[in-house]
Amino acid sequence: MNALRAFLLSLCAVGLLGLAAVPARAMTPAQALSISAGDTDARVAALQQAIAALDPRVPVLVQALLDGEVRVDDQRAYIVAADGSAVDAATGQPATPPETAEDAVNNNRMRGELQAALAALQLITGDLPQRRAAIGSLREAMDEAKLPLIEQALAKEVDPALKAELETLRAKGLIAAADPAKRLQAAQALASSTTPATRSLLLERLKPAAEGGEADPAVRAALQASLDGVNSMLAWGERAGVVFTGISLGSILLLAALGLAITYGLMGVINMAHGELIMIGAYATYLTQNAFRAWLPDHFDWYIVAAIPLSFLAAAAVGAVLERGVIRFLYGRPLETLLATWGISLVLMQGVRSLFGAQNVPVENPAWLSGGVQIMSNLVLPWNRIAIVVFAAIVLGGIAFLIAKTRLGLFVRSVTQNRPMASCMGVNTARVDTLAFALGAGVAGLAGCAVSQVGNVGPDLGQGYIVDSFMVVVLGGVGQLAGTVYAALGLGVINKFLEGWAGAVLAKIIVLVFIVVFIQKRPQGLFALKGRDA
């Protein structure tokens with residue numbers, strides 16, 4: 001607020017001297033009163049006249065109205081500061097409001113007009129960020145009354161991007177002008193704008209003439225041509241958004257399926273508790289967040305960095321206990337493994353309900369993962385989903401390196417391909433089994449850490465990923481990391497495209513039917529199947 005007041009004072013000081021093309025005129029007490037009180041339509045008209053005149057007292061009065069510091073009587077408007085001092089709103093001279101003066105009241109429409117007026121004036125005197133913000137504020141509130149300011153801003157603007165946006169604003173102001181030539185020029189200029197607001201404006205102007213739409217045939221043709229161009233560009237933004245959302249979903253599926261690719265693909269264990277290992281990673285993230293909030297509040301935004309290894313270790317520890325306590329006795333007996341791990345999944349879910357409750361728990365995004373980057377007018381890529389895509393790629397690279405280039409990976413591959421021979425060569429197969437299963441469980445924990453940044457964290461979290469994870473592993477080829485990547489990203493993108501066409505439920509059914517048919521034709525999946533001798 002102090003910075004804004006300083007800006008307004010500087011605006012008054014310069015007096016808009018650089019605007020020689022449209023000389024400033026002093027605001028009269030009657031004009032100040034008309035802006036501050038009365039019928040909303042009359043107030044808006046008076047405000048627009050004052051903006052067009054570029055009076056240096058206008059921004060001061062507008063800000064005071066927004067701050068609720070204006071009082072009015074039958075003849076004048078007064079700006080009353082918090083300390084009780086008052087000045088005449090039109091002249092800035094000290095004044096004393098009468099006891100009968102009342103507070104100026106703004107409805108929602110008037111408040112929006114006041115904010116738009118302040119933004120319009122910032123186009124002239126603001127720095128680059130202020131001018132960019134002012135253009136953003138005016139996109140929804142541009143009209144012909146603000147054209148003088150837009151013309152002045154265009155004459156002064158040196159930034160090419162802002163100049164192009166100002167041209168679009170001018171076209172929006174001219175689209176309803178009385179002169180058909182101006183409307184035609186505006187309709188043609190709007191073709192270069194690709195915002196949803198422009199599409200709405202063009203659709204409004206293309207209504208039948210009897211309903212207030214454009215009556216001139218040439219202008220209507222230009223409006224329709226511009227609308228077709230805007231629709232085409234917006235459609236590309238929507239398609240790109242669907243593709244990115246699909247890649248984001250595919251990255252989450254990849255993280256969820258990578259652990260299963262190890263426990264099921266390499267070890268042949270049907271682990272129905274895999275979803276609950278994802279859940280454990282998400283709850284480990286939740287506990288890390290709470291710990292940072294309680295003990296390291298100044299470093300809260302970095303809790304996710306600590307949560308990554310902790311979620312891995314928590315899920316890996318549970319996986320190691322699960323393998324040593326149950327699964328080691330069931331190798332080569334897939335049905336018993338399925339039933340045992342399904343029972344363990346129920347135990348884990350109930351344990352979480354007992355500890356944390358049945359309701360979802362809140363997990364916040366760090367500040368640096370909030371918001372997004374705007375690629376197109378209708379396409380914003382959220383930072384948290386971008387981070388998940390990058391994180392999935394890093395985890396994939398780490399798993400591929402570990403399996404292909406490390407001693408543990410060599411042991412896992414040897415035990416997978418020929419257990420008796422590996423045992424004869426001195427490999428401790430029991431320890432390798434535990435380490436491999438703990439690794440797969442730890443990767444599931446990493447998936448839970450990632451999922452906590454984009455979805456709800458609750459006892460049933462893992463149930464939404466277990467079926468999709470198995471589908472990804474089976475479709476990609478059991479034991480094949482490359483197949484897991486292709487299947488996860490492919491299913492993510494296809495699922496999102498189908499959701500837009502058929503809805504979420506039918507899209508799931510279509511994907512499942514496709515996988516069933518595909519597996520019947522190619523049982524080994526996208527890549528050749530590698531089995532394991534028990």
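How many positive and negative side chains does the protein chain have, and how far apart do the centres of the two sets lie?

1. The protein chain carries 40 positive and 40 negative side chains, with 14 Å between the centres of the two sets. Lys and Arg count as positive, Asp and Glu as negative, and His and the chain ends are left out. Each charge is placed at NZ of Lys, CZ of Arg, CG of Asp or CD of Glu.

2. A word on provenance: this is a predicted model, so local features need pLDDT of at least 70 and side-chain atom pairs pLDDT 80 or more, while totals for chains, interfaces and linings use all residues. Residues are numbered from 1 along each chain as its sequence is written, and side-chain values use heavy atoms, without hydrogens and water.

3. On overall shape, the radius of gyration is 32 Å, whereas a compact globule of 534 residues would come out near 24 Å (taken over C-alpha atoms; the rule is 2.2 Å times the number of residues to the power 0.38). Along the principal axes, the C-alpha atoms fill a box of roughly 100 × 60 × 40 Å.

4. Of the 534 residues, 45% are buried, meaning under 20% relative accessible area with a 1.4 Å probe, protein chains only.

5. There are 21 helices and six strands, all DSSP runs (helices H or I, at least four residues; strands E, at least two). Strands β5 (residues 372–376) and β6 run antiparallel, joined by four bridges; pairing takes at least two.

Definitions and conventions. Buried < 20%, exposed > 50% of the residue type's maximum accessible area, 1.4 Å probe, protein only.
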